[in-house]
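Subject: Structure handover

Hi,

Here is the structure I promised to pass on. Please open it first, then read my notes below.

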Amino acid sequence: MTGFAKREVNSLSQLLQRLADSRVDFVVVGDFAGVLHGSALVTRDLNICGVLTPENIESLRETLKDLNPRHRMTPQSLSFLQIPRPGESVRNLYLQTDWGIVDVLSSITGLGDFDAVRANSETLEIAGKKFRLMSLQDLVVAKESLGREKEILAAKELRAIAAMRAKSKSGPELEPD
């Protein structure tokens with residue numbers, strides 16, 4: 001891994017650890033979930049699925065406030081600390097922070113809303129911080145549902161990882177006598 005890629009992954013790991021300490025219930029999805037499952041892909045963002053209630057938005061603001069969170073899909077890079085206004089509902093958040101990009105999605109193509117994504121997720125612990133990770137099988141479904149070439153290639157790699165895991169769980173094959 002190059003120095004740049006290593007810094008990106010370290011920043012995203014720090015961002016993930018910060019979110020794990022928050023009161024927001026979320027599941028790591030997208031390419032970073034793939035990396036955590038063993039993918040060789042390089043990613044520059046952290047995608048999570050969560051419920052964007054006014055309470056969760058306020059918890060996210062509190063968690064990210066010292067990281068200069070800004071809306072990355074607006075030309076003015078509006079501050080997440082001010083927009084959306086209290087009580088306003090949003091479907092997704094696309095944020096740039098001093099530690100990297102974090103996208104908060106309320107649903108995942110091919111799977112459904114947060115409850116559907118969380119139902120099959122698994123718990124992972126990194127550096128003493130526990131969080132939910134999208135299952136490998138759901139990640140393959142989500143990637144294939146998007147249909148883009150990059151996602152189809154990622155799904156093939158993830159299927160290979162799943163096959164290797166299944167093979168290692170079944171144990172060594174015995175030779176007949």
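Start in the sheet: strand 1 and strand 9 run parallel, joined over 2 bridges. Within that pairing, Val28 has Leu133 of strand 9 as its bridge partner. Keep in mind that this is a predicted model.

Strand 1 covers residues 26–29, and strand 2 covers residues 45–50. These two pair in the antiparallel sense, over 4 bridges. Phe26 stands opposite Gly50 of strand 2. Val29 stands opposite Asn47 of strand 2.

In a regular strand, side chains alternate between the two faces of the sheet. Strand 1 has Phe26 and Val28 pointing one way, with Val27 and Val29 pointing the other. All four residues named here are buried.

Strand 2 also pairs with strand 5, in parallel, through 5 bridges. There, Cys49 has Leu105 of strand 5 as its bridge partner.

Asp45, Asn47 and Cys49 point one way from strand 2. Leu46, Ile48 and Gly50 point the other way.

**Helix 2**

The buried ones are Gly30, Asp31, Phe32, Ala33, Gly34 and His37. After helix 2 comes Gly38, with a positive phi near 115°.

**The largest pocket**

How much space lies in the largest pocket? About 470 Å³. Its lining has 21 residues. Closest to the pocket centre are Gly30, Asn47, Leu105, Leu146 and Arg148. Several of these have already come up: Gly30 is among the buried residues of helix 2, Asn47 faces Val29, and Leu105 partners Cys49.

Which elements give two or more residues to the lining? They are helix 2, strand 2, strand 5 (100–105), strand 6 (107–108), helix 5 (136–146) and helix 6 (149–170). Helix 5 gives the largest share, 4 residues. By residue class, the lining divides into 9 nonpolar, 4 polar and 8 charged.

Best wishes

Key: Residues numbered from 1 in each chain as written. Predicted model: local features only at pLDDT ≥ 70, side-chain atom pairs only at ≥ 80, totals over all residues. Heavy atoms only, no water. Pairing = 2+ DSSP bridges. 1 Å grid on protein atoms, 1.4 Å probe; cavity = no way out; pocket = protein on both sides within 12 Å on 5 of 7 lines; lining within 4 Å. Points joined across faces, edges and corners; volume = space filled by probe spheres on them. Nonpolar A, V, L, I, M, F, W, Y, C, P; charged D, E, K, R; others polar. Buried < 20%, exposed > 50% of the residue type's maximum accessible area, 1.4 Å probe, protein only.
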